[in-house]
Amino acid sequence: MSIVQQTGAAGFLACFETLKDALPGDPVVREKAAAAFRLLGLPGGTSARRSEAWKYTSLRPVAETAFMTPVVSGFDVDLSASTASFSRFAENPVFGPLPRPDRDPMVALNTMLAEDGAILRVPAGVDAGIVRIDSHGNGSHALHPRHAVHLGPGATLVLLEIATGTGGYLHNAVTEIAIGAGAHLTHIRLQDESRDAFHFATIYADVAEGGTYDGFSLVLGGRIARTEIHVGLTGKNAVAHMNGAQLLTGTQHADFSSIVRHAAPNCTSRQTVKNVLNGRSRGVFQGRIEVARDAQKTDGYQMNQALLLSPDAEIDSKPELEIFADDVKCSHGATVGELDAEQLFYLRSRGVPENEARAMLVRAFLTEALDLVTNDAIRSMLGEKIDLWWERQAA
Amino acid sequence: MLEIRGLAASIGDKLILRGIDLNVPDGEVHAIMGPNGSGKSTLGYVLSGRDDFTVTGGSVLYNGLDLLDMAPEARAAAGVFLAFQAPIELPGVNNANFLRTALNAIRRAHGESELDAVQFLKLARAETKRLAMPDDMLKRNVNVGFSGGEKKRNEVLQMALLRPSLAILDETDSGLDIDALKIVADGVNALRSPTFSALVITHHQRLLDHLVPNRVHVLAGGRIIRSGGPELARELEKSGYAGVLAEAA
C-alpha cells in the first residue's frame with residue numbers, strides 16, 4: 001500500500017490523514033505528533049518555525065521532494081550472534097517516554113508515520129553478543145523506523161547498525177534506548193546511504209546507575225544527513241561516549257548534534273567527533289553538555305575536529321556548556337585544519353608515495369574517534385569503508 | 001656519487017643557499033659544519049625534496065639521477081635518507097606500521113617483495129635491540145611522547161631498516177648523551193660500505209670522533225667557505241668559526 005504524496009510538511013500530513021487508521025499503536029500519540037509536526041514544519045522549508053537546533057541544517061530539499069510512503073519494514077535483523085529477544089514495532093507498537101515529538105520535527109514526523117522497527121531486549125545479567133540491523137532504502141521511499149533497545153541491569157549488548165540503499169529516499173529513524181544499572185551498550189552505526197538519500201537518526205538513551213552507553217557513528221553517505229543523540233545520565237557513575245566520524249565529499253551536508261544531560265552525581269561523558277571534508281561538503285557539529293544542580297563531580301569532555309581537504313569545504317561547530325552544579329570538570333575544544341605539510345613531507349621522505357601518505361594521515365586523524373570500537377571485526381570493517389572512501393577521493 | 005653544482009635555494013624572498021659546490025664520492029662520509037643560520041639544514045631539506053624551499057639555481061646529480069626533478073618519495077627510493085634535526089610527531093600512526101609502510105614502499109620501488117607483519121617485526125626487533133631501544137617504541141605512535149634522544153634513535157632505526165645509500169644526518173647528535181651518541185655513530189658506521197655515503201651536519205667534534213669523516217666542509221652564508229680533512233673539525237672545535245670566517249671574507 002504505497003501512495004505518491006504531495007511535497008513538503010503538508011504532504012506528510014496529508015499522507016498521515018490517509019494512512020492513520022491503518023497505522024499501529026495509540027492514535028492519540030499519533031495525532032499529538034501530527035499536531036506538533038504541523039506547528040514545527042520542516043526546518044528550512046517554507047512556513048517552518050525558526051529553530052536554533054536546526055540553525056546550520058536546512059531541510060528545504062527534503063520539503064521539495066515527493067516521497068512514497070509507507071513501505072514495509074525496510075530493515076533486516078541478524079540475531080545469529082546474539083541471544084537478545086527481538087520483536088517488531090508493527091506487532092508491539094509502544095511509544096516510549098524518551099522521544100520528544102513536541103520539540104523535534106523529525107521525531108514528530110517519525111512518531112506520526114512509523115510503521116515498523118526493531119525492539120531488542122536483553123534480560124538482567126546477560127551478555128547478549130552482537131545484533132546487526134541492516135536498513136535498505138530505495139527509490140523515493142520514505143522510511144520512518146521506530147527502534148527500541150532495553151538492557152536489564154548488568155546486561156551487555158553490541159548493536160551494529162548499517163544503513164545503505166540506492167536512490168533519493170528518506171530514512172528517518174528514531175531509536176529509544178534504556179540502559180539498566182551496570183549495563184553496557186556498545187552502539188556502532190555505519191551510515192553508508194546513497195549519496196542522493198536523506199538520512200536522519202535521532203537517538204534517545206537513558207543510562208541508569210553505573211551503566212555505560214558507548215556510541216560511535218561513521219557517516220559516509222547521504223545528500224543531507226543528521227545524527228542527533230540525546231543521552232541522559234540519570235543514575236550516579238553512569239558513563240556515555242558519543243563519538244563520530246563524518247567523511248564527506250561533493251555537496252554532501254552532514255550534521256552531528258548531541259546533547260548529554262548529567263542528571264546524577266559522578267557521571268562521565270566523553271565525546272570526540274571528527275570531520276574529514278572534501279569537495280564543497282559541509283560538516284556541522286553541535287554539542288551540548290548540561291549539568292543539573294545535583295550532578296556534582298561531573299566529568300564532561302567534548303572535542304570536535306575538522307580536517308579540510310578542499311578550500312571549498314566548510315565546518316560549523318557549536319559547542320555549548322550549561323552548568324548548574326558547582327563541583328564539576330567540563331571542557332570542550334574545536335580545531336580546524338588541513339593535512340600537515342611537515343607530516344606529509346616526513347612520510348614521503350621515507351619513501352611513502354604521496355597518496356598513501358595522505359591516506360595514512362587521514363586514518364591517523366580518525367583514530368581517536370574510532371578507538372571506541374574495540375571489536376576487531378567491526379573495527380576492520382569500518383577501516384575498510386574509510387580506505388574505500390579515500391580511494392574514491394583519490395581516483 | 002653525489003654531485004652538487006652551484007646550488008642556490010630560497011624560502012619566500014630569502015636566499016639561503018648561494019651557490020654550493022660539493023662532491024661526495026661513494027663510500028665517503030663528509031661532515032658539514034658551520035655557524036647557526038648558515039644554511040646547513042636547508043641543504044638537507046633541498047636534497048630530500050621539501051617543497052617550501054625554491055631551488056633558484058644549480059644542479060644535483062645522484063648516481064647520475066637529477067635529484068631536483070624527483071618527488072621526495074622517488075628520492076627515498078633512489079637511496080636518499082634525511083635524518084631530521086627535529087623528527088616529526090605522527091599522532092595516530094603506530095611506529096611499527098609506519099616503518100613497515102616505508103620499508104615496503106621502498107621495496108616495492110625496487111621490485112622486491114613486501115614484508116608481512118611477522119617478517120617485518122623480526123627484522124625491526126633485531127634493529128631495536130642493536131640500537132638499545134626499548135621494544136615498546138615500535139608500539140607507540142611515531143615520535144609522540146618520545147624524549148629528544150628517543151626521537152633521534154628512532155631516526156637511526158628508520159635509517160637502519162631502510163638502508164639508504166646516501167644518508168643526510170641533520171644534527172642527529174644534538175641532545176644525545178655520550179652513550180646514545182656512540183650508538184648513533186655505530187648505527188651509521190654499520191652501514192659504511194663502498195656504496196654508502198653520508199653527509200653529517202653537526203656542530204660538534206664529539207660525533208666525528210666516533211664517525212670519522214673523509215672530508216669536512218664549513219658552510220657559512222649559504223656557501224662552502226672551506227674544506228679540509230678531519231683535522232679541520234678539530235681546529236674549529238678549538239678556535240671556533242671566527243678565524244675561518246675572517247679568512248674567507
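Q: In this predicted model, how many residue pairs are in polar contact across the interface of chain B and chain A?
A: Let's start where the two chains meet. The pairs counted here join chain B to chain A, and both residues of each pair have pLDDT of 80 or more. On that basis, the number of residue pairs in polar contact across the interface is 10.

Q: How many of the residues on the side of chain B that touches chain A are nonpolar?
A: In total, 31 residues of chain B are in contact with 17 residues of chain A. Sorting the chain B residues by type gives five charged and six polar ones. The nonpolar residues number 20.

Q: What area is buried between chain B and chain A?
A: Interface size is often expressed as the accessible area lost when the parts come together. Here, carbon and sulfur atoms give 65% of that buried area. The area itself is about 2000 Å².

Q: Which residue of chain B meets Arg350(A) in a salt bridge?
A: The rule finds four salt bridges across the interface of chain B and chain A. In one joining the side chain of Arg350(A) to chain B, the N to O distance is 2.6 Å, inside the 4 Å cut-off for a salt bridge. The partner is Glu155(B).

Q: What is the radius of gyration of chain A, and why does it agree with a compact globule?
A: Now for chain A on its own, which has seven helices and 21 strands. Its C-alpha atoms fill a box of roughly 70 × 45 × 45 Å along the principal axes. A compact globule of 395 residues would have a radius of gyration near 21 Å, so the value for chain A agrees: 21 Å.

Q: What percentage of the contacts in chain A with a separation of 6 or more is between residues 24 or more positions apart?
A: Of the 395 residues of chain A, 57% count as buried. Turning to contacts with a separation of 6 or more, the share from residues 24 or more positions apart is 85%.

Q: Which side chain makes a polar contact with the side chain of Asp192(A)?
A: Asp192(A) sits in the loop between strand E11 (184-191) and strand E12 (198-207) of chain A. Leaving aside residues up to four places away in sequence, Asp192(A) touches residues including Ala163(A), Thr164(A) and Leu220(A). The polar contact, at 3.4 Å, is with the side chain of Lys385(A).

Definitions and conventions:
Residues are numbered from 1 along each chain as its sequence is written. Chains are lettered from A and ligands numbered from 1 in the order in which they are written. Side-chain values use heavy atoms; hydrogens and water are left out. Contact means heavy atoms within 4.5 Å. Buried area is the accessible area (1.4 Å probe) that two parts lose on being put together, summed over both. A polar contact is a pair of N or O atoms within 3.5 Å; within protein, one must be able to donate a hydrogen and the other to accept it, and residues adjacent in sequence count only if both atoms are side-chain atoms. Ala, Val, Leu, Ile, Met, Phe, Trp, Tyr, Cys and Pro count as nonpolar, Asp, Glu, Lys and Arg as charged, and the others, Gly among them, as polar. Helices (H or I, at least four residues) and strands (E, at least two) are DSSP runs, numbered from the N terminus. The radius of gyration is taken over C-alpha atoms; the globule rule is 2.2 Å times the number of residues to the power 0.38. Buried means under 20% relative accessible area, exposed over 50%, partly exposed in between (1.4 Å probe, protein chains only).
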